Amino acid sequence: MSELAHGAGGPIPAAEVPEMELPHPHGWWTTYVFSQDAKVIGIQYSLTALAIGMVALVLSWLMRLQLGFPGIFSFIDPHAYYQFITMHGMIMVVYLLTALFLGGFGNYLIPLMVGARDMVFPFVNMLSYWIYLLAVLVLVASFFVPGGPTGAGWTLYPPQAILSGTPGRDWGIVLMLLSLCLFIVGFTMGGLNYVVTVLQARTRGMTLMRMPLTVWGIFTATVMALLAFPALFVGAVMMLLDRLLGTSFFMPTLVEMGQQLRYGGGSPILFQHLFWFFGHPEVYIVALPAFGIVSDLISTHARRNIFGYRMMVWAIVIIGALSFVVWAHHMYVSGMNPWFGFFFATTTLIIAIPTAIKVYNWLLTLWRGNIHLNVPMLFALGFIVTFVNGGLTGLFLGNVVVDVPLSDTMFVVAHFHMVMGVAPVMVIFGGIYHWYPKITGRMLDDTMGKVHFWVTFLGAYAIFFPMHYLGLLGVPRRYHEIGETSFVPASAQDLNAFISVVALVVGAAQMLFLFNLFWSLRYGKDSGPNPWRATTLEWQTPETPPGHGNWGRELPVVYRWAYDYAVPGAEQDFVPQNQPLPAPTHIAKGEATA
Amino acid sequence: MTGTLLFFGGLAALALWWLSRQGLGTKPWLETGALGDVPVRGTPVPAAKIGLGMFMAVVAMLLVLLLSAYSMRMEMADWNPPPQPALLWANTTVLVLASVALHRAVRAVRRGRRDAAASALLVGGGASILFVLGQLLAWRELAGAGYLPANNPADAFYYLITALHGLHLVGGLVALGRTGTKLRRAPLVRLQLSLELCASYWHFLLAAWIVLFFTLAFSPPLDWLVALCTAPLR
């Protein structure tokens, strides 16, 4: 492949980007552990995120055991149940999804896809991972402290988060807030790297509009995260001070068990604003990289150029900006000026427009494409369906009058699990099946992959579709046990039991995936440098897996956009971005107008 | 949250302006691969400068969010801010001095005068340490007068905001110290870049401090701003 990059068309130096000094590893430790190579850091991020994600998966099993078969598992008392839901939510949203998309995929893919040797600040990048690991360890430590982890719910609303009735009030909440602060510090270090690398280290010819949508998604999400995480940081620090120093940022005057507490004058709503100013962009911080990755998967595996590339880029940017002005739709029931409710409902519904543009463009990319139903494609298709499903229930909840009765019911749980649980996880799996050959040089086993996909996909629907119905019945979320309730028929319990059984099965299917990851490392089919015959730069590296510095002696030069698939008149059905020979102009122009 | 939204709007406008210059309207699928198609970029700005710019935007976001929280709390009836020690005026002067000194250090190193740069850097660093000590003294004075963080939210906000600002300055001092150690040996170009980064960061922290100090000391009523922004909703 390096011939393509440097051979044809004469030697054109990639002179526009100054060569960077790479820190060279001097032994096993600096190569594999304290590595400053973005690829190694990306793998470290991914493995750590998957490991802590397994903890969250087990927690969800325990929750489902309680909900499906209440009273049978005596060790799941209400306290433990609250701790499980809290840790499950926080781990999945922050420590798994955010870390895996930005830290994992971002680190591995950005330098390779834009044709850089590495991130621009390799040392800071390494530090970012180690602080993330520390944050994870602090979080895990909270399982082992007296009183256990916090049970305040993943939103950690004060005042209850730090009052004595809440589980983990002594240590758990302190460690949780500390861990979040560490995560944000670590993320900021990494995030600055991703942004500046995209801005500064693109190789010659890689204009912004020639970047693969994966990079656009991760880039925009990182900018958003850099601006949104400070809100969580401020909230976490203030609550930490409330808990440890007795300040009253969020704590109103309170009487607990007949005793007046020393707090007074704080505003709990203030925390909700800060939390959701982070919390809503967070949804898109997870969704935008997923949008980008899925665009590339679909284009590659349907052998079609992405439909409406410009629209896709604009939609990513617009969604990113809009997501900062919708946060209070999470607070309709907290009490607010009706005008604000109107404003936030409107902005929330407007986001549906750029999002729908993306969905239509994916469908039009698939239209009459040469669709290869391999595992990455299956997961990409699964994502589109799931995301549309979850997005549609978002239209319900975005309207104040519909949200108020549905608030805090299982409907909300089903909605956000569809839209930002299952859907992004589908993309993560799709991405791993897609890029695993580049990372290891071997293919993941196809049969295991297909079993994994179908069990996960069908299972997710078996879990979350009925859950909407439970929510419409009025089954509340976050209840340890609902017992005898006049408006909930007894049959709801059967449905709950069914959901729990499926959840156990879907969880088990993930073990198959993990097994596949390790099994294929040794026994997987040899993949070669470009098994999917893809156009983007990461598949054109001289070595597979790419070596230190990615590109051998010279940086690649980019001559075209990332989606030249099935170009009429071209030798193969794909033209790599660094291939200088132009496609016949009349055909290329005709294609564009068609 | 008006302040936050205004700040965010400013950042978004900046981002859109930048994006509008990046050829987002081009049709990449028509670019058929000749190298001449590729626009040549001008002399690249050092990555470190862009990185620092991004970092300052993140810190600004942090401080703006804090100020937003502060102003939201301020509107409640029982708001009772602590008196501002006169020492803060002296501290502000010292921080201005530090910023000016670092600016002079940059100018000196541009002219290739390491000695002048060294002394200016020393003045800047010393003044910054003095500022941090002054802030601690102001804390002591307030605490001595009975204004403790646990008393009421206004006091707590004062300590939190000054502490976060101070911590960022201390972080800057670490970078400044590292620049100081390589003052004699480093090539001039590198030294100039390091000093420019330090100076920009100090100017930023000074500007941030002036805004924070103004808000803490005078609690300016921003009703007019809120009225202006919510006018379309009435």
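Okay, one definition before anything else: buried means under 20% relative accessible area, exposed means over 50%, and partly exposed is in between, with a 1.4 Å probe and protein chains only. By that scale, Asp408(A) counts as partly exposed, because its relative accessibility is 42%. I'll come back to that one.

Housekeeping next. This is a predicted model, where local features need pLDDT of at least 70, side-chain atom pairs count only at pLDDT 80 or more, and totals for chains, interfaces and linings use all residues. Residues are numbered from 1 along each chain as its sequence is written, chains are lettered from A and ligands numbered from 1 in the order in which they are written, and side-chain values use heavy atoms, with hydrogens and water left out.

So, chain A. What is it built from? Chain A has 17 helices and two strands; helices are DSSP runs of H or I with at least four residues, strands are runs of E with at least two, and both are numbered from the N terminus. The C-alpha trace spans about 85 × 50 × 50 Å along its principal axes.

As for contacts, meaning heavy atoms within 4.5 Å, take the pairs at least 6 apart in sequence in chain A: 79% of them join residues at least 24 apart.

Now chain B. It comes to seven helices and zero strands, so the pattern along the sequence reads α-α-α-α-α-α-α. Here 44% of the 234 residues count as buried. Among its contacts between residues at least 6 apart, 81% join residues at least 24 apart.

Let me zoom in on one residue in chain A. Where is His452(A)? You'll find His452(A) in helix H15, residues 446-473. Buried or exposed? His452(A) is buried, because its relative accessible area is 0%. Its side chain makes a polar contact with the side chain of Gln510(A), at 2.9 Å. A polar contact is a pair of N or O atoms within 3.5 Å; within protein, one must be able to donate a hydrogen and the other to accept it, and residues adjacent in sequence count only if both atoms are side-chain atoms. Leaving aside residues up to four places away in sequence, His452(A) also touches several others, among them Phe379(A), Phe429(A), Tyr433(A) and Phe513(A).

Last stop, the backbone. Most residues other than glycine have a negative phi, and most peptide bonds are trans. Which bonds here are cis? One joins Pro158(A) and Pro159(A), with omega about 0°, and Pro159(A) is in the loop between helix H5 (122-141) and helix H6 (172-200). Another cis bond joins Thr544(A) and Pro545(A), with omega about -10°; Pro545(A) is in the loop between helix H16 (491-523) and helix H17 (585-593).

And positive phi? Back to Asp408(A), where phi is near 60°. Asp408(A) is in the loop between helix H13 (400-406) and helix H14 (410-440). Arg478(A) has a phi near 65° and is in the loop between H15 and H16. Arg478(A) is partly exposed too, because its relative accessible area is 27%.
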